[in-house]
Amino acid sequence: MNWLTNFVRPKLRALVARKEAPENLWLKCPNCEQMLFHRDLEANQQVCNQCNHHLRIKPAARLSQLFDDGKYETHALPRTVLDPLKFRDRKRYTDRLKEAQAENGANAEALVVASGKLGGYQAVVSVCDFAFMGGSMGIAVGEGLLMAAGLAIDNQAPLIVFSASGGARMQEAILSLMQMPRTTIAVQRVKEAGLPYIVVLTDPTTGGVTASFAMLGDIHIAEPGALIGFSGQRVIQDTIRETLPPGFQRAEYQFDHGMVDMIVHRHKMRDTLIRLVNLLLKRPAEEDLPAAA
Ligand SMILES: [Zn+2]
């Protein structure tokens, strides 16, 4: 033992150790590559304060920003058959589900259904979770959307959906594709009940979700810069053998081509939705109603 090992080495180690900041405190903006502090991001609703890029956001954060006083109730999705096809690729589908639930919470799925007050109106809000297996639509998501539609009808409330999905869940093959007509019918039921159905297209909305409930809104709102399309850019480019225009399939491109009605900054989403619900329901918010005698 000497002075170097006993004194200098621990000091050096301490110096090095101190520099190892926890990884999740800083996040690099995927657009401008600025390092963003997690608390600043949280305070700014996951929008980059340098370039205004809208980062992906978890359903819980989205819902608490949306509802009055951040208060809402979540509804458990109906229980469905897990892994009906006993599917296995490199891993078992059941193992993939378990992993996704370990990361996103027990009983989590790619859709969250919530209800609460929005500007005084009772509203049902469904949010896709891209972090859960790419927001893919399987039986559970389909059932969840059916339940959300039923809740909206029972409560005479508008249905608002925040879409984010890579498409159908391939591990459920044809059963996942069957959710497209099912969710389409669910949306139709909401419309037949004379209730508003509003879709907020968030990054990314693609595949079977675009081809079903995400493109059936009375009004389509998109978040700035969101990727919205059916098949991917590379697939289209290879099929039609033409170079696609810049900004292809982005919210702004879809807005210019009439697929999206409005592009709304996340900070203005709540106010915009309240305004639209108010216009579409043509009735005063419940708190404005005269008290019953
Ligand atoms: Zn940025």
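Colleague: Which domains does the domain assignment give for the protein chain?

Modeller: The model is a predicted one. The assignment gives domain 1 as residues 18-55 and domain 2 as residues 56-287. The contact between them takes 7 residues from domain 1 and 10 residues from domain 2. On the side of domain 1 that touches domain 2, the residues divide into 2 nonpolar, 5 polar and no charged. The centres of the two domains, taken over C-alpha atoms, are separated by 25 Å.

Colleague: What is the overall make-up of the protein chain, in helices and strands?

Modeller: The chain has 11 helices and 9 strands. Its C-alpha atoms fill a box of roughly 85 × 55 × 45 Å along the principal axes. Of its 293 residues, 37% are buried. Among contacts between residues at least 6 apart in sequence, 67% join residues at least 24 apart.

Colleague: Why is Lys11 called exposed?

Modeller: Lys11 has 9 other C-beta atoms within 10 Å. The term exposed applies at 12 or fewer, and therefore Lys11 is exposed. This residue lies in helix H1, residues 3-19. Its C-alpha atom is separated by 38 Å from that of Cys48, 37 residues apart along the chain.

Colleague: Why is Gln46 called buried?

Modeller: The count for Gln46 is 20 other C-beta atoms within 10 Å. Gln46 is placed in the loop between helix H2 (38-43) and helix H3 (59-66). Its phi is near 60°, a positive value in a residue other than glycine.

Colleague: What makes Ala173 partly exposed?

Modeller: Ala173 has 14 other C-beta atoms within 10 Å. Buried requires 20 or more and exposed requires 12 or fewer; the count of 14 lies in between, and therefore Ala173 is partly exposed. Ala173 is in helix H6, and it has a positive phi of about 40° although it is not a glycine.

Colleague: Which residues have the most contacts inside the largest nonpolar core?

Modeller: They are Leu159 and Leu201, in a core of 58 residues. The largest share of this core, 7 residues, comes from helix H5, residues 139-154. Leaving aside residues up to four places away in sequence, Leu201 touches several others, including Ser163, Ala214, Ile221, Ile228 and Val260. As a general point, nonpolar side chains tend to be buried together in soluble globular proteins.

Colleague: How do you know that the span of H5 is close to the expected one?

Modeller: H5 has 16 residues and reaches 22 Å from its first C-alpha to its last. Among the buried residues of H5 are Ile139, Val141, Leu145, Ala148 and Ala152. The cover over the buried residues of H5 includes strand E4 (111-118), strand E5 (121-128), strand E6 (159-165), helix H6 (173-177) and helix H7 (179-192). After H5 comes Gln156, whose phi is positive, near 50°.

Colleague: Why is E6 described as largely enclosed by the rest of the structure?

Modeller: The description holds because 7 of the 7 residues of E6 are buried. Both faces are covered: Leu159, Val161, Ser163 and Ser165 are buried on one side, and Ile160, Phe162 and Ala164 on the other.

Colleague: How do you know that E5 and E6 pair?

Modeller: They share 4 bridges, in the parallel sense. Pairing needs at least two bridges, so E5 and E6 qualify as a pair. Phe162 in E6 is the bridge partner of Val127.

Colleague: Why are E3 and E9 said to stand at the edges?

Modeller: The open sheet has 7 strands in the order E3-E4-E5-E6-E7-E8-E9, with mixed pairing. Strand E3 (73-75) and strand E9 (262-263) each have a single partner strand, so one side of each is left without a neighbour in the sheet.

Colleague: Which peptide bond is cis, with omega near -15°?

Modeller: The bond from Asp203 to Pro204 is cis. Pro204 is found in strand E7, residues 197-205.

Key: Residues are numbered from 1 along each chain as its sequence is written. This is a predicted model: local features need pLDDT of at least 70, side-chain atom pairs count only at pLDDT 80 or more; totals for chains, interfaces and linings use all residues. A nonpolar core is a set of buried Ala, Val, Leu, Ile, Met, Phe, Trp, Tyr and Cys residues joined through C-beta atoms within 7 Å. Helices (H or I, at least four residues) and strands (E, at least two) are DSSP runs, numbered from the N terminus. Two residues are in contact if their C-beta atoms, placed from the backbone, lie within 7 Å. Domain bounds come from an automatic or database domain assignment. Ala, Val, Leu, Ile, Met, Phe, Trp, Tyr, Cys and Pro count as nonpolar, Asp, Glu, Lys and Arg as charged, and the others, Gly among them, as polar. The expected span of a helix is 1.5 Å times one less than its number of residues.
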